[in-house]
Amino acid sequence: MDNTHEGQGATDAAADDSTAAIGGWWCNQQPTEKMDVWWFSYRVLPGDHPWAFKKASPQREIAALELFGLSYLMKAVHKNGVIRRGQHTLRMTMDNKGEVFVGNKWSARSWSSAAIMADLGIHCMAAGLHPVLQHKHRELNTWADDLLKEALAGFDPKKRLLPVATSGWALLQNLIAFP
């Protein structure tokens with residue numbers, strides 16, 4: 001029996017020398033326009049996520065931020081009731097080919113990415129979710145890119161996913177702070 005969910009989602013991350021953001025969307029069927037999707041746009045702040053600012057620039061943690069976007073979306077769709085608990089394989093799109101490989105193999109090269117993968121794995125196991133990642137070039141991942149830039153025109157404000165409590169990232173913070 002195929003348990004692949006008919007929906008589709010995408011995430012993206014961006015960072016420069018002093019700021020970082022993630023954005024993403026999910027739709028329970030194939031979306032035709034932005035208004036169809038459940039979405040989030042989240043600015044990653046040093047007080048809430050010090051791991052992203054530990055190095056000289058959050059840009060040096062872009063791989064971990066890409067995975068953090070995926071983890072945030074998985075938690076948000078589950079905790080907001082968009083996807084109910086159950087054994088679902090979820091098709092997700094990212095524009096970072098390296099993170100698609102890392103996510104599908106459930107492995108990582110950096111400590112931050114490994115900690116995020118562990119956090120993601122714990123949540124997915126508890127919720128019965130399994131993301132299967134696909135690569136799309138940046139030009140084809142524009143909705144997630146718009147969300148991380150807070151370009152919200154066309155997205156339904158009623159479908160904005162409620163924020164995932166930052167206190168829920170305690171395990172992640174402790175894992176990243178370890179080495």
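This is a chat about the fold and packing of one predicted protein model.

Colleague: Okay, what am I looking at? How many helices and strands does the protein chain have?

Modeller: Keep in mind that this is a predicted model. The protein chain has five helices and five strands. Reading from the N terminus, the elements go β-β-β-α-β-α-α-β-α-α.

Colleague: And what share of the residues is buried?

Modeller: Buried residues account for 48% of the 179 residues in the protein chain.

Colleague: Let's start with the strands. How do strand 1 and strand 2 pair?

Modeller: They pair in the antiparallel sense, over eight bridges. The two strands form a hairpin, with four residues between them. You can check a couple of the partners yourself: alanine 14 is bridged to alanine 21 in strand 2, and glycine 9 has tryptophan 26 of strand 2 as its bridge partner.

Colleague: What about strand 2 and strand 3, how many bridges there?

Modeller: Seven bridges join strand 2 to strand 3, and these two run antiparallel. Glycine 23, for example, stands opposite serine 41 in strand 3.

Colleague: Which residues of strand 2 point which way?

Modeller: Ala20, Ile22, Gly24 and Trp26 point one way, while Ala21, Gly23, Trp25 and Cys27 point the other way, and all of them are buried.

Colleague: Nice. Now the core. Which residues touch the most other members in the largest nonpolar core?

Modeller: Ile22, Trp26, Val44 and Leu65 do, in a core of 37 residues. Several elements each supply at least two residues of this core, including strand 1, strand 2, strand 3 and helix 1. The largest share, ten residues, comes from helix 1.

Colleague: What else is there, apart from that core?

Modeller: Another core, of eight residues, lies apart from it, and Trp25, Cys27, Val37 and Phe155 are among its members. In general, nonpolar side chains in soluble globular proteins tend to be buried together.

Colleague: Switching topic: how many aromatic pairs are there in the whole structure?

Modeller: A search of the whole structure finds seven. One of them is tryptophan 39 with phenylalanine 155, a tilted pair at 5.7 Å centre to centre, with 45° between the planes.

Colleague: I keep clicking on leucine 147. Where is it found?

Modeller: Leucine 147 is found in helix 4. It is buried, with a relative accessible area of 0%.

Colleague: What is leucine 147 in contact with?

Modeller: Leaving aside neighbours within four places in sequence, its contacts are Gly23, Gly24, Trp25, Trp39, Phe40, Ser41, Leu152 and Phe155. Also, the C-alpha atoms of leucine 147 and isoleucine 22 are separated by 7.6 Å, while the two residues are 125 apart along the chain.

Colleague: Last one, helix 3. What should its span be?

Modeller: With 17 residues at 1.5 Å a residue, helix 3 should span 24 Å, and its end C-alpha atoms are 24 Å apart, which agrees. Its buried residues include Ile116, Met117, Leu120 and Cys124. Just after helix 3, glycine 128 takes a positive phi of about 75°.

Key:
Residues are numbered from 1 along each chain as its sequence is written. This is a predicted model: local features need pLDDT of at least 70, side-chain atom pairs count only at pLDDT 80 or more; totals for chains, interfaces and linings use all residues. Side-chain values use heavy atoms; hydrogens and water are left out. A nonpolar core is a set of buried Ala, Val, Leu, Ile, Met, Phe, Trp, Tyr and Cys residues joined through side-chain atoms within 4.5 Å. Buried means under 20% relative accessible area, exposed over 50%, partly exposed in between (1.4 Å probe, protein chains only). Rings of Phe, Tyr and Trp (its six-membered ring) pair if their centres lie within 6.5 Å; planes under 30 degrees apart count as stacked, over 60 as edge-to-face and the rest as tilted. The expected span of a helix is 1.5 Å times one less than its number of residues. Two strands pair if DSSP finds at least two bridges between them. Contact means heavy atoms within 4.5 Å.
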